[in-house]
Amino acid sequence: MGIRASGSATVVTSQKVRAGLDEEYGRWQEKVNRAVRDFDGFKGTETYPPGSGEDHEWVVVFRFAGTDQLTAWLDSAARRELLAEGRALLEGTPTQEVLAGGHIEEPDREEGVTAVISHDVRPGREQEFERWQEKVLREQEKYPGFMGTEFFKPVEGIQDHWVVVFRYDTREHLDAWLDSSNRERLLEEGRDYFASYEVRKVGTAFGGWFRFGSDEGEEVPPNWKQAMTVVLALYPTVMVLNLTVGHEFDVLGVPGYLGLFFSNILSVSILTWLLMPLVNRALAFWLRPGRTRHVRLDVAGAALVALCWALTVLVFALTTG
């Protein structure tokens, strides 16, 4: 999530999906996403699957034009019915943080990983907590990859938590800050001001290769679709580079480790700026989450990609013999 000036209201929902029910959850979440689009002030939604090593916790972000419109969705009968329908898919009760009166808006096109930290501040210690949070910010700005932060006070009648949202360019840089001894020292100091806190990470595997424009809510496809599509573009790229540039490296006597390094630079550049935009447009009917409505469409798109895999393998088998 990027941080930009805006008057919008955002809710970040975290929900732990029962093991083995990811597909059923995905279909239910798409149903929720379709329902929320009918509410006044709706601006967009993003769904973030669990990252590597995370415990089946999905994060969903809903953005509205203002707090009143967001509250209307949170308190609606339609949402209550959907939550009741999906309860069997989830472990425990979903948690949510409302971000209002700040500057968080739709995701920008820069890659990055976001952390959302909610604090249960002790009564009467609010000003001290704010001063402590400023101290934390000054420290985390020194760490590599820091991209920005935003601070959100409680929203009367909706939630009592104080929420901090900050962003790093990679998950490794984010984890370096979260696991640092400096942050641990500051947390010990801050326990005088808050009773508890909770951290949620938001990010995607290949997000920069799968953006479809703000009018589509900036959603990204499920990771399995992303992986299939990347392989579709990556395999012919690597084969062509091996047959052309790789051959020239061998003739010139370039060491294998250097040849592989240069080939990786070329293949990632070709994917990012040439092939992935073309493949995205060709498979938009299947990749765009807002347009994927039925299991049959999922299966048809996956079959088409698998067929393209087979054709490219056949072409190189015949041409390289």
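Helices are runs of at least four residues assigned H or I by DSSP, and they are numbered from the N terminus. Under this convention, Phe285 is placed in helix α10, which spans residues 284-287. The structure described here is a predicted model.

The protein chain contains 11 helices and eight strands. Of its 321 residues, 43% are buried. Among the contacts in the protein chain with a separation of 6 or more, 73% are between residues 24 or more positions apart. The protein chain exposes about 16,400 Å², of which carbon and sulfur atoms supply 56%.

The interior was examined next. In soluble globular proteins, nonpolar side chains tend to be buried together. The largest nonpolar core in this model comprises 21 residues, and those with the most contacts inside it are Tyr25, Phe62, Leu70, Trp73 and Val98. Two or more residues of this core come from each of β1 (9-17), α1, β3 (57-64), α2 (67-74) and β4 (90-99). Helix α1 gives the most to this core, with five residues. Apart from neighbours within four places in sequence, Tyr25 is in contact with Gln15, Val17, Trp58, Val60, Leu89 and Leu90. A second, separate core has 19 residues, including Val113, Val121, Tyr143 and Leu186.

The C-alpha atoms of Gly20 and Leu89 are separated by 9.5 Å, although the two residues are 69 residues apart along the chain. Gly20 belongs to the loop between β1 and α1. With a relative accessible area of 66%, Gly20 is exposed, because this value is over the 50% limit.

Helix α5 (residues 171-178) has three buried residues, namely Leu174, Trp177 and Leu178. Seen down the axis of α5, these buried residues fall within an arc of 100 degrees, and they therefore line one face of the helix. The buried residues of α5 pack against β5 (113-121), α4 (126-140), β7 (162-168), α6 (181-190) and β8 (194-202).

Leaving out residues up to four places away in sequence, Thr237 touches Ser267, Ile270, Leu271 and Leu275.

Charged pairs were also considered. Side chains of opposite charge can pair when their charged atoms come close. The structure holds nine salt bridges. One of these joins Glu85 to Lys31, with the closest N and O atoms 3.1 Å apart. This pair links distant parts of the chain, since Glu85 is in helix α3 (residues 77-86) and Lys31 in helix α1 (residues 22-36), 54 residues apart. Glu85 is partly exposed at 43% relative accessibility, and Lys31 is partly exposed at 35%.

A further salt bridge is formed by the side chains of Glu130 and Lys153, at 3.8 Å from N to O. The two residues are 23 residues apart and link distant parts of the chain, with Glu130 in helix α4 and Lys153 in the loop between β6 (146-152) and β7. Glu130 is partly exposed at 24% relative accessibility, and Lys153 is partly exposed with a relative accessible area of 44%.

Asp298 forms a salt bridge with Lys225, in which the closest N and O atoms are 2.8 Å apart. Because Asp298 lies in helix α11 and Lys225 in helix α7, the pair ties together parts that are 73 residues apart in sequence. Both Asp298 and Lys225 are buried.

At the surface, Phe285, Leu304, Leu307, Leu311, Leu314 and Leu318 form a nonpolar patch, with about 570 Å² of accessible area together. Helix α11 (residues 295-320) gives the most to this patch, with five residues. Phe285, placed in helix α10, has a relative accessibility of 35% and counts as partly exposed.

Definitions and conventions: Residues are numbered from 1 along each chain as its sequence is written. This is a predicted model: local features need pLDDT of at least 70, side-chain atom pairs count only at pLDDT 80 or more; totals for chains, interfaces and linings use all residues. Side-chain values use heavy atoms; hydrogens and water are left out. Buried means under 20% relative accessible area, exposed over 50%, partly exposed in between (1.4 Å probe, protein chains only). The arc is that of the directions from the helix axis to the C-beta atoms. Contact means heavy atoms within 4.5 Å. Patches are made of residues with over 30% relative accessible area and no salt bridge: like charges are joined within 9 Å, nonpolar side chains (Val, Leu, Ile, Met, Phe, Trp, Tyr) within 5 Å. Accessible areas come from the Shrake-Rupley method with a 1.4 Å probe; for residues, only the protein chains shown count as cover. A salt bridge is a side-chain nitrogen of Lys or Arg within 4 Å of a carboxyl oxygen of Asp or Glu. A nonpolar core is a set of buried Ala, Val, Leu, Ile, Met, Phe, Trp, Tyr and Cys residues joined through side-chain atoms within 4.5 Å.
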